Amino acid sequence: MVGSSSAGRRSGVYAFALAAVVVVALAGCGLSWWPGGEDPGLRPTPSSSPAPADPADVDAGGDAIAEALTRFDETARAVIAAEPAASGADFVAALVAAGFDPAAIQVTSDTTTLGDRADSIQFAVRIGEDCLVGQYGPKSDGYLGAVQPGLGAGGCLVGATGSIPG
């Protein structure tokens, strides 16, 4: 009798441990892969906003970063309106023309490692500790723009990015 009670308690402990592992694993599904922890997601930003400040004069944080995002979004949307099949170079050229610092811009490749057109292009501008991040392509459901925390190494995008001429 003592052996069966001990076995029952042991299986109850195993069941509890298994349930705890499942709960932790499911909770982990909601965690973000985005650097800095929580990922509010790249979401479309409103297109009708007041005129932004010149991004070259932008101070990192608060209203200034929101104004810079407005300029960033307007610039990206203008590129897309002019060329629906826009390349990363098109976005970079427009961002530089809009006054963003070329040294603070990053862009992903237009093509995959196999030479196919990329499903989406990401481009970003580092401003202080924050990054303005845009994504565009057939798998992006249109243009998406957001402010995200900068990476510890000083950039905005993970992985290899194209070089930006200064």
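This is a predicted model: local features need pLDDT of at least 70, side-chain atom pairs count only at pLDDT 80 or more; totals for chains, interfaces and linings use all residues.
Residues are numbered from 1 along each chain as its sequence is written, and side-chain values use heavy atoms, with hydrogens and water left out.

The bridge belongs to the pairing of E3, residues 130–136, with E4, which is antiparallel and has six bridges. Two strands pair here if DSSP finds at least two bridges between them. Helices (H or I, at least four residues) and strands (E, at least two) are DSSP runs, numbered from the N terminus.

Now the sheet. Four strands form an open sheet in the order E1-E2-E3-E4, with antiparallel pairing. E1, 105–107, and E4, 144–149, are the edge strands; each has a single partner strand, so one side of each lacks a neighbour in the sheet. From one strand to the next, the twist averages 20°. Helix H3, residues 88–97, packs on the sheet and touches E1, E2 (121–127) and E3. Contact means heavy atoms within 4.5 Å. The direction of H3 makes about 170° with that of E1. Axes are lines fitted to C-alpha atoms, for helices over the stretch in contact, and angles run from 0 to 180 degrees between N-to-C directions.

Next, the aromatics. Searching the whole structure gives five aromatic pairs. Rings of Phe, Tyr and Trp (its six-membered ring) pair if their centres lie within 6.5 Å; planes under 30 degrees apart count as stacked, over 60 as edge-to-face and the rest as tilted.

Phe72 and Phe100 have ring centres 6.2 Å apart and planes at 90°, so this pair is edge-to-face. Phe72 is in helix H2, residues 62–82, and Phe100 is in the loop between H3 and E1, 28 residues apart. Both Phe72 and Phe100 are buried, that is, under 20% relative accessible area, where exposed is over 50% and partly exposed in between (1.4 Å probe, protein chains only).

Phe91 and Phe123 are stacked, at 4.2 Å centre to centre and 15° between the planes. Phe91 lies in H3 and Phe123 in E2, so the pair ties together parts 32 residues apart in sequence. Phe91 and Phe123 are both buried. Ring pairs join Phe72, Phe91, Phe100, Phe123, Tyr136 and Tyr143 into a cluster.

Finally, the whole chain. There are three helices and four strands, running α-α-α-β-β-β-β from the N terminus. Of its 166 residues, 35% count as buried.
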